[in-house]
Structure formats: C-alpha cells, structure tokens
Amino acid sequence: NNGVTVGKSFGSNSNDSACVIWKNGVPQTLYSSADLDGCDVSDINDSEAVSGWSVVKAFNKYHAIKWQSGNWFDLGVLENGVISKGYSINNFGVVAGYSTILDEEHAVSGSGPFDDLGTLSPGRRSWAISINDFGRVAGDANTSGFLGRHAFFWDGSMHDLGTLPGY
C-alpha cells in the first residue's frame with residue numbers, strides 16, 4: 001500500500017482513541033463524526049479505502065464501516081442482525097467480516113448490504129477474515145454448534161478446509 005498503514009492511536013486516557021491512517025509516517029484521523037463513537041480498523045486497500053467497525057450512535061451497536069476519501073459508510077447488518085464488523089477490504093471496496101443474525105454469527109461480504117456467506121453446518125458461527133480481488137473469502141467457522149473451529153474457503157459456497165492434524 002505504498003507505505004500507507006492504518007491503526008488506532010491512544011491518548012493519555014485509554015478510552016481516548018482515534019482511528020488513523022499513516023502516510024509517510026504522519027498520522028491523520030480517519031474521520032470526525034458525531035454519529036460514530038470509537039472505532040477499530042483492520043485493513044486498507046491500494047486505493048486507501050479502509051475496513052473496520054465503530055459504534056453507530058443511531059443504533060448504539062457496532063457496525064462494519066468503510067472509510068473512503070474522507071467519508072464513512074455504515075455497511076449495516078444482516079436481516080435480524082444487531083452487530084457487524086469488517087475485517088478485510090479488497091481493491092474493489094468489498095468488505096468481508098461477520099454479522100450477527102438472531103443468536104448466530106455469520107461470515108459476510110459486500111459493500112452494503114452484506115451477503116450472508118453462511119456457516120459450516122451444523123455450526124452456528126463463522127467469520128470472514130480475508131477477501132481477495134476475485135471476491136473469494138477465507139475465514140474460520142464452528143462445525144458443531146458453537147464448537148469445533150475449522151478454516152473455510154468461500155467461492156460462492158463454503159468449503160470446509162479442516163484443521164491441522166492433532167488440533
């Protein structure tokens with residue numbers, strides 16, 4: 001990303017923080033908005049669009065956020081969902097992460113609204129960790145209710161990649 005990185009900067013009080021983008025070693029705040037409370041950032045693409053999450057005050061819940069060209073975009077949640085987080089962004093601005101849905105967590109991808117990538121049945125949780133420029137997603141998911149985590153690959157359907165021997 002041409003020497004550009006993102007992260008979180010803390011003030012003297014650990015509750016005082018800002019999401020920042022560093023260009024040429026100089027930090028700049030990603031946003032200034034009365035509509036958001038706090039933030040976390042996770043990834044940046046070649047166009048300097050950033051994925052992460054923030055508490056959206058209108059909902060008082062974490063929502064996946066995309067920051068681009070000085071603006072922020074609430075990517076929302078799945079239907080019947082409450083919380084979402086964005087972990088990765090590709091060069092087309094598509095974000096991958098997860099959203100709650102009822103009492104489950106599902107891997108998601110999209111630019112808003114999110115597409116539900118599902119879970120490894122009968123598991124009830126999955127998290128998209130990375131997305132490439134072809135829209136293919138890698139992550140991990142429970143394989144039995146809330147237990148038994150396996151890696152997965154998604155290319156239109158979820159494929160169980162299993163675990164390393166002994167795990």
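I began with the charged pairs, and the structure holds five salt bridges. A reminder to myself before going on: this is a predicted model.

**Entry 1: Arg 124 and its partners**

I looked up Arg 124 and found a salt bridge to Asp 103, with the closest N and O atoms 2.2 Å apart. The two ends come from distant parts of the chain, 21 residues apart. Arg 124 lies in the loop between S11 and strand S12 (126–131), and Asp 103 lies in the loop between S9 and strand S10 (104–110).

I then noted that the side chain of Arg 124 also meets that of Glu 104 in a salt bridge, at 3.5 Å from N to O. This pair, too, links distant parts of the chain: Glu 104 is in strand S10, 20 residues from Arg 124.

Is Arg 124 buried, exposed or partly exposed? I have its relative accessibility at 24%, so Arg 124 counts as partly exposed. For Glu 104 I wrote down a relative accessible area of 22%, and therefore Glu 104 is partly exposed as well. The cut-off I used here is that buried means under 20%.

**Entry 2: Asp 140 and Arg 149**

Next I turned to another pair. The side chains of Asp 140 and Arg 149 form a salt bridge, 2.4 Å from N to O. Asp 140 counts as buried because its relative accessibility is 16%. Arg 149, at 48% relative accessible area, is partly exposed.

Which residues do salt bridges with shared partners join into one network? My note reads Asp 103, Glu 104 and Arg 124.

**Entry 3: the sheet**

I moved on to the strands. Four of them form an open sheet, and I traced the order as S8-S9-S10-S11, with antiparallel pairing. Which strands stand at the edges? They are S8 (84–89) and S11 (115–118). Each has a single partner strand, so one side of each is left without a neighbour in the sheet. From one strand to the next, I have the twist averaging 35°.

I finished with the pairing at the S8 end. S8 and strand S9 (residues 95–101) run in the antiparallel sense and pair over five bridges.

**Entry 4: tying it together**

How values were computed: Residues numbered from 1 in each chain as written. Predicted model: local features only at pLDDT ≥ 70, side-chain atom pairs only at ≥ 80, totals over all residues. Heavy atoms only, no water. Pairing = 2+ DSSP bridges. Helix = DSSP H or I, 4+ residues; strand = E, 2+ residues; numbered from the N terminus. Axes fitted to C-alpha atoms, helices over the stretch in contact; angles between N-to-C directions. Salt bridge = Lys/Arg side-chain N within 4 Å of Asp/Glu carboxyl O. Buried < 20%, exposed > 50% of the residue type's maximum accessible area, 1.4 Å probe, protein only.
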